[in-house]
Amino acid sequence: MKRRIQTYGKNGVLEIVGNPQETILYLKSRPIQYSWYAEVGSTWRFHIAQGLKKQVVRLYSRIEETLQRGIGNEGDFLAITEYFNQFLCYGTYEFGYYELCEDLTWVDVPESEEYESYDYYGGSVGISPTQNFIDDKIVENYKEQILRGSRPVLVLLHVENSWMFYILDGHHKFLAYRRAKVKPHAIIITKVGNEYRSISNTLELAGKMGCTKQGYLNWMSKEKKNLEYYKNQTLDLEVEFKRIEN
């Protein structure tokens with residue numbers, strides 16, 4: 001299933017901008033996660049994140065129930081896309097329903113609500129949590145459901161051609177799929193189009209997010225000179241993941 005929607009973001013609280021080299025996620029105009037790649041001998045990912053106690057999108061009970069039990073038909077898919085569309089800022093978005101890879105892992109997120117900086121290998125799909133609260137009992141409950149054949153649905157947000165994905169809903173489900181060793185089912189929301197920002201703009205943003213690690217800033221500055229390389233990078237979700245049709 002797939003659908004493209006143009007939204008005018010009248011009440012949007014979520015904004016994502018970026019390109020294959022960097023991605024910035026905003027919540028109510030405040031940057032909460034910022035990631036970028038740099039070639040340091042291998043592909044490395046630098047990441048500034050703020051830990052949140054709750055997920056960034058509050059769910060209506062009917063939508064939550066659908067995501068918990070899994071998508072059964074196109075009506076379920078359309079209802080979920082309409083619901084999440086209202087939280088997005090102005091832009092064109094593509095919604096697709098996919099079966100992901102089994103061995104996906106997520107990257108670090110702060111235990112507190114303060115900003116922290118991380119770096120790690122970035123040569124693969126990167127799943128970023130947006131909340132830091134996890135209840136192990138909920139994870140185990142989802143795991144049991146999955147092993148019985150249920151396929152609860154994650155909701156991920158990313159920018160076109162970017163390998164960085166952010167969880168809007170489904171942190172417990174994601175961990176449950178990993179424990180069950182089953183490929184996760186997810187709706188991926190793709191912001192269509194890429195934006196390229198100047199080095200002065202990104203350095204200012206990193207400063208606002210409390211990043212003072214000079215090594216990070218140096219790699220960011222250096223990698224900005226390679227934008228032509230990144231402008232030629234593409235990501236085809238249909239190749240990386242299996243699109244689900246009901």
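## An enclosed strand

In this predicted model, strand E9 (residues 153-159) has 7 of its 7 residues buried, so the strand is largely enclosed by the rest of the structure. Burial applies to both faces of E9: one side carries Val153, Val155, Leu157 and Val159, while Leu154, Leu156 and His158 lie on the other.

## Partners of E9

Strand E11 (residues 185-191) pairs with E9 in the parallel sense, over 7 bridges. Within E11, alanine 186 stands opposite leucine 154.

Strand E10 (residues 164-169) pairs with E9 in the antiparallel sense, over 3 bridges. Here leucine 157 stands opposite tyrosine 166 of E10. E9 and E10 form a hairpin, with 4 residues between the two strands. Asparagine 161, in the turn, has a positive phi of about 75°.

## Aromatic rings

The whole structure contains 12 aromatic pairs. One of them joins phenylalanine 46 and tyrosine 216 in an edge-to-face arrangement, with 4.8 Å centre to centre and 70° between the planes. Phenylalanine 46 belongs to strand E5 (residues 43-50) and tyrosine 216 to helix H6 (residues 214-223), so this pair ties together parts that are 170 residues apart in sequence. Phenylalanine 46 and tyrosine 216 are both buried. Ring pairs also link Phe46 and Tyr216 with Tyr34 and Trp36 in a cluster.

## A charge over a ring

Tyrosine 196 has the charged end of lysine 231 over its ring, at 5.1 Å from the ring centre.

Methods
Residues numbered from 1 in each chain as written. Predicted model: local features only at pLDDT ≥ 70, side-chain atom pairs only at ≥ 80, totals over all residues. Heavy atoms only, no water. Phe/Tyr/Trp six-rings, centres within 6.5 Å; stacked < 30°, edge-to-face > 60°. Buried < 20%, exposed > 50% of the residue type's maximum accessible area, 1.4 Å probe, protein only. Lys NZ or Arg CZ within 6 Å of the ring centre and 35° of its normal. Pairing = 2+ DSSP bridges.
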